[in-house]
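User: I have a structure here and would like to talk through some of its features. Could we begin with the charged residues?

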Amino acid sequence: MNSLCQEHPEICDSLDQARSLDGVRDLSTSTDVLSHDGLDEDSLLFSVTAVLDENLPPERAGSTAQQIYYLLANAFTSDRNIAWHGEVNAGVTPGEPRPVLDVALNEDSDQQVRQSFVLMQAGAINVHANSAEVSDAATLGRLAELAYAKHFQVELRTTDNSLRYTVGGEPDLEKLKLFLEVAGLDSVATAGMDPSTLSVNLAENSSASKHEELERWLIDHRPLRTDPLPFILFSPSYEVLAEGWLGDKKPSHLIPKPVVAPEGVTPWPQDQRAPDCTDQDLVVAPAGSDAAAGSRFLQLNVQNVSSRTCALEGTPDIRFINTEGNLQKDVTLEPMPNVLAERIAIPAGESAMSAVKWSAASTTLDPDVTTRLEVRTTEQGLHVDVPLITNGERQTLDILDGSTVSVSPWVQAMKGWGMPRPAE
């Protein structure tokens, strides 16, 4: 240190000034050699830890930390061979070995240290720039209310990490109340809430009935007055058991709506007397695939080849078969989220459609792509073979093992897609 002061007196002068600031209980330093250079000066890392009086008003603690930062930043920038970092600590009581506050010195030290002092003095056990530990759920709730009132951005968690709550955005005491309600349930081991999602872990040895009971509790709960809140329910071993929306309140873009037909399409009469279509009434064929911005699209057409009108409702069930004739594994079929499944009466000879969408997958390693489909048009029907042939040419689809595929219900026509045409 003495040699450093001889070579860089401005650094030691800045340290002395920092030590003399109001509220600084201690200021310690350490030096590490980052690299040796026989022809030039060694590269050094200089660490500074300032310990502030834990009873300082938060505003004074913040301004003192900011003063320390600027004093040291100005001194250390004069030598390119010296890197530095600084921290601000504070103890619960003089001499306590474990600090309850630990914030890095930077250009935002004023706000970060001020926020940390507010939380520390309100009962937080361990505080960092954007997080704080508390002893129990009651203290977490109290500090979350305080953080909302002061518009802090902070993650609060209990010391055992069983509860985590992120305060951010507009104050939302309704969401906080819900979180504390969930945390108090006997079947809940851990819970976390950020501004967008509620995550819940079941307690050890929970039965399947407890899982179903908790899922039902979340779905039946009164939804928040603010934005819809998604939840994820995990097993004790962190397997996803269920996903849903609190109170079954979904965002508008996920609420199925009647399909929008292309311009000029006259809806078919919805003949309630029309019998349900059977496999013998229908022929399914692909209308070709397309691609855009990392997504893939396939249109399935279904033609009523009988001599009468028949009705179709629901979503086709599709199996994807690879080159070897094997079923693609672990393919997830999801209903297209914004299309309402409605009963359509297909006149004799007319064709309806279903839209299929998935994300592009890499085929550079020559995996087994999908070469044909097996499609079941109705719940009571059988899967029938549907070769991927369009305009006389065979196609392949980059639907591989593990893909997720979105499928619309059968509709007369859909805006943005081709008009259904008879099976070739």
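Predicted model: local features only at pLDDT ≥ 70, side-chain atom pairs only at ≥ 80, totals over all residues.

User: How many salt bridges does a search of the whole structure find?

Analyst: The search finds 14 salt bridges. One of them joins Arg60 and Asp22, whose closest N and O atoms are 2.3 Å apart. This pair links distant parts of the chain, 38 residues apart: Arg60 is in helix 3 (residues 58-76), and Asp22 is in the loop between helix 2 (9-19) and strand 1 (24-35).

User: What about Asp110 and Arg114, how far apart are their closest N and O atoms?

Analyst: They are 3.0 Å apart, and the two residues form a salt bridge. Asp110 and Arg114 are four residues apart in helix 4 (residues 109-121), so about one helical turn separates them. Asp110 is partly exposed at 23% relative accessible area, and Arg114 is partly exposed at 29%.

User: Which residues are linked in a network of salt bridges?

Analyst: The network links Arg319, Arg372, Glu374 and Asp385. Within it, Glu374 pairs with Arg372, with closest N and O atoms 3.6 Å apart.

User: Now the surface. Which residues form a negative patch?

Analyst: Asp276, Glu313, Glu342 and Glu379 form it. Glu313 sits in the loop between strand 15 (310-312) and strand 16 (317-322), and its relative accessibility of 49% makes it partly exposed.

User: Back to Thr378, then. Where does it lie?

Analyst: Thr378 is in the loop between strand 20 (370-376) and strand 21 (384-387). It counts as buried because its relative accessibility is 12%.

User: A change of topic: what is the phi of His151?

Analyst: It is positive, about 60°, although His151 is not a glycine. This deserves a remark because most residues other than glycine have a negative phi. His151 lies in the loop between helix 5 (137-149) and strand 7 (154-158) and is exposed, at 55% relative accessible area.

User: And what is the phi of Asp248?

Analyst: The phi of Asp248 is near 55°, again a positive value in a residue other than glycine. Asp248 is placed in the loop between strand 12 (240-245) and strand 13 (282-292), and it is partly exposed at 49%.

Methods:
Residues numbered from 1 in each chain as written. Heavy atoms only, no water. Patch = residues over 30% accessible without salt bridge, like charges linked within 9 Å, V, L, I, M, F, W, Y side chains within 5 Å. Areas by Shrake-Rupley, 256 points an atom, 1.4 Å probe, with all protein chains shown as cover. Salt bridge = Lys/Arg side-chain N within 4 Å of Asp/Glu carboxyl O. Lys, Arg positive; Asp, Glu negative; His and termini not counted. Charge placed at Lys NZ, Arg CZ, Asp CG, Glu CD. Helix = DSSP H or I, 4+ residues; strand = E, 2+ residues; numbered from the N terminus. Buried < 20%, exposed > 50% of the residue type's maximum accessible area, 1.4 Å probe, protein only.
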